[in-house]
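Some words used for protein structures rest on stated cut-offs.

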Amino acid sequence: MDSHVDCCGIRFPNPVMLASGVLGTEAGLLERVARGGAGAVTSKSASPRPRTGHPNPTVLDWGYGLINAVGLANPGVEAEVEVLKDAKARLKPLGVPLVASIFAETVDGFGLAAEVVSRAQPDLIEVNISCPNLAHELGRPFALDPVSAARVTRTVKSSTAIPVAVKLSPNVTDIVEIGLAVQEAGADAVVAINTVAGMLIDIHARRPVLANLEGGISGPAIKPVAIKAVYDLSRVLRVPVIGVGGISDGKDVIEMMMAGATLVELGSAVRLHGPETLGRIAAEAARIAESLGFGSMQDVVGVAHVEQKRHRHLDAAGGHGTVRGRGKLPHQDFHAGHLVA
Ligand SMILES: Cc1cc2nc3c(=O)[nH]c(=O)nc-3n(C[C@H](O)[C@H](O)[C@H](O)COP(=O)(O)O)c2cc1C
C-alpha cells in the first residue's frame, strides 16, 4: 500500500495529520507526534500579539466530544516562530511536513503573522479565519463573510511564498460560497471544518457550563457535519480540501477521504487518546484501504462522489462527461481523484 499523498506540491508520508490547537505548540511534543507516525503536524494558531484567552473552565469532555472556549490563547507570533524553527529542524529529517497556523483580528495582522511564521519555513501556512474581525461593527469572524475571507486570503498570499490553506467555519449558511471566495483570492487549499458553535447548561449551577458561556463543539458529534462540508466543497472547488472534524479511527479517515479530503486532520481524538494516536490511525486507515482494494491512499480521495461516477459512466457510454458546478465553475471533470475545473 502506497500511503503517501501529495497536496499543494508537498509530499506527505500519509494523510493523517495533527489538527491545530489541541496539543499547543511545543517542538518536542510535535516531534513526538511525528515520530509516532503522523503524516504532518499543525501548530497552535498564533497571532501578531500574545493573547491570554478565556477564563476557566475552557475545555470539557461532554461524552460525545469536547466543548471548548480556549479563546485562542497564544504567546504571539514572534515567540511562536522560534518554536516553529526548532520544530522544523526536528521534523525535516523525519520527512514530516510542518503546518504553521496563524490568526489575527485585522486583515493587516494576518499579513504580518504570515510574514513572521514564514521565517521558520513551514511547509504550509494554515489560516484560521474563525476569529472576530475588529474592523467589523459587530466583530463578526472573517470566516462568516466571503468578502472578509477573500481579503484575508489575498493579504496572506501577498505576504508569503509558502502555500496557504484557509480553514473554514461550519457556522455559516453556505460554506461553499466562502470556499469559492478564498479559492478565487488565491488559497492553495481549504481546511474544513473548525469547531461547531454550541452551548451546554449545568443544571445544578443553572448556567452555561463554560465561563465564556458558548464554545466550539468538536469530536464524534460533529463528524457528519464535517463530512458534508468536505463533500460539498470538493464537489465544486478545484483546490484540495483538507478534512477535519470528529475523526477518531481509521474507518473515519477513509470516510473523510472518500468524501473528497486529500488530507485528514485529527484534534479531539489526539487530545483524548494521546500523541501516538495519529500513527496508529494512519496505519489502520491504510489497512482498511488495502482491504477495500485500493493500491494507494491517494486513490481513495473523492470516490464517494456519486454524481461524478454517474457522469463518468455516461462518459464511457458516449454521453456528456461534465458536471454542472454551482454556476461559478461551470465544467468540472473528475480526474485522478480530484475535481478539476
Ligand atoms: C482545545 C481545542 C483547541 C483548538 N485550538 C485551535 C486553534 O488554535 N486553531 C484552530 O484553527 N483550530 C483550533 N481548534 C479546532 C481544531 O483544530 C479542529 O478544527 C476541531 O477541533 C475539529 O476537529 P476534531 O473533531 O478532530 O477535534 C481547537 C480545538 C480544540 C478542541
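Q: Which residues make the contact between α7 and α9?
A: This is a predicted model, in which local features need pLDDT of at least 70 and side-chain atom pairs count only at pLDDT 80 or more, while totals for chains, interfaces and linings use all residues. Residues are numbered from 1 along each chain as its sequence is written. Gly 250, Lys 251, Val 253 and Ile 254 in α7 meet Ile 281, Glu 284, Ala 285, Arg 287, Ile 288 and Ala 289 in α9, where contact means that the C-beta atoms, placed from the backbone, lie within 7 Å. Helices here are DSSP runs of H or I with at least four residues, strands are runs of E with at least two, and both are numbered from the N terminus.

Q: How do the residues of the contact of α7 with α9 divide?
A: They divide into six nonpolar, one polar and three charged; Ala, Val, Leu, Ile, Met, Phe, Trp, Tyr, Cys and Pro count as nonpolar, Asp, Glu, Lys and Arg as charged, and the others, Gly among them, as polar.

Q: Why is α5 called oblique to α6?
A: Helix α5 (residues 175-184) and helix α6 (residues 223-236) pack at an angle of about 45 degrees, with their axes 9 Å apart. Angles run from 0 to 180 degrees between N-to-C directions, and axes are lines fitted to C-alpha atoms, for helices over the stretch in contact. Angles under 35 degrees count as roughly parallel, over 145 as roughly antiparallel, 65 to 115 as roughly perpendicular and the rest as oblique, so the angle between α5 and α6 makes the pair oblique.

Q: What makes β3 and β4 edge strands?
A: Eight strands form an open sheet in the order β3-β16-β15-β10-β9-β8-β7-β4, with parallel pairing. Because β3 (16-18) and β4 (41-42) each have a single partner strand, one side of each is left without a neighbour in the sheet.

Q: Which residues of the shell around the ligand are closest?
A: Of the 27 residues that surround the ligand, the closest are Ala 19, Gly 21, Ser 218, Gly 267 and Ser 268; a residue is near a molecule if its C-beta atom, placed from the backbone, lies within 6 Å of it. The elements giving two or more residues to this shell are β6 (66-68) and α8 (268-273).

Methods. Two strands pair if DSSP finds at least two bridges between them. Two residues are in contact if their C-beta atoms, placed from the backbone, lie within 7 Å.
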